[in-house]
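Colleague: I am new to this structure. Could we go through it with a few questions?

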Amino acid sequence: MEILPSDYFRPLTPAEMFPHTDRPLEVDVGCGDGSFLMEMGAHFPERNFLGIERLLGRVQKICRKSARRGLANVRVLRMESSYALGYLLPPNCATRIHLLFPDPWPKKRHAHNRFVQPESIVHLHQALRPGGDFLFKTDHPDYFLEACELIDASPLFQRLDWLPAEEFYPLTDFETIWLAEGKTISAARWGRVG
Ligand SMILES: C[S@@+](CC[C@H](N)C(=O)[O-])C[C@H]1O[C@@H](n2cnc3c(N)ncnc32)[C@H](O)[C@@H]1O
């Protein structure tokens, strides 16, 4: 189901996002067609899952598929992800934020469009609850290095080990494509400090 904010100039309240506000919330930034989001929603019915995606067609697809599967704990916000994290999500709302295969903007002159920037690190920290974590995967080595340098240098986050192998963490749509093409996937995880 799509979340349609009544006011785009104030943070949503938890109750405007999900009916069960006592459940842990995980956010998938740039969720694409939403396979990961929906697999997670089906596997963890006791958690809420919010996808942020700017493309209408992808949001509609997720709404259709999640309704068909009866996934009441999966919702999508059609919006620019930096704005959503910085201004629409209530502070301290998420137990976990996933950034999986974000657009890499490989040309140097376009690198400022990448999601991981000093400002978004502050927004990630603000949206996470104390004890929350941020998970990042990419097939793009330069983006991976740049993001690790920026976040490792930030006092707002500390590096954590990736999740235990037995923990359910499905492949995303893009990950499946990159793996089939033989690309190497890099992954890192950080915990919110404070
Ligand atoms: C490479 S795809 C990855 C999708 C998905 N995470 C996966 O791994 O299959 C990147 C997605 O992020 C979305 N996206 C890119 N920039 C965005 C932004 N600024 N705000 C919201 N969504 C964005 C794109 O529309 C696209 O669906």
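Modeller: Contact here means heavy atoms within 4.5 Å. The model is a predicted one.

Colleague: What covers the buried residues of helix 6?
Modeller: The buried residues of helix 6 are Y143, F144, A147, C148 and I151. They cover an arc of only 130° around the axis, so they sit on the same side of helix 6. What covers them includes strand 4 (94–100), helix 5 (118–127), strand 5 (128–138), strand 6 (157–160) and strand 7 (186–192).

Colleague: How far apart are the end C-alpha atoms of helix 6?
Modeller: Helix 6 has 12 residues, 141–152. At 1.5 Å a residue they should span 16 Å. The distance in the model agrees: 16 Å.

Colleague: Which strands and helix do the buried residues of helix 2 pack against?
Modeller: In helix 2 (residues 35–43), F36, L37, M38, M40 and G41 are buried. They pack against strand 1 (25–29), strand 2 (48–53), helix 3 (56–68), strand 3 (74–78) and strand 4.

Colleague: Is C93 buried or exposed?
Modeller: The sulfur of C93 is 15 Å from the closest cysteine sulfur, in C31, which is too far for a bond. Buried means under 20% relative accessible area. C93 has 7% relative accessibility, so C93 counts as buried.

Note on methods:
Residues are numbered from 1 along each chain as its sequence is written. This is a predicted model: local features need pLDDT of at least 70, side-chain atom pairs count only at pLDDT 80 or more; totals for chains, interfaces and linings use all residues. Side-chain values use heavy atoms; hydrogens and water are left out. Helices (H or I, at least four residues) and strands (E, at least two) are DSSP runs, numbered from the N terminus. The expected span of a helix is 1.5 Å times one less than its number of residues. Buried means under 20% relative accessible area, exposed over 50%, partly exposed in between (1.4 Å probe, protein chains only). The arc is that of the directions from the helix axis to the C-beta atoms. A disulfide is a pair of cysteine sulfur atoms within 2.5 Å.
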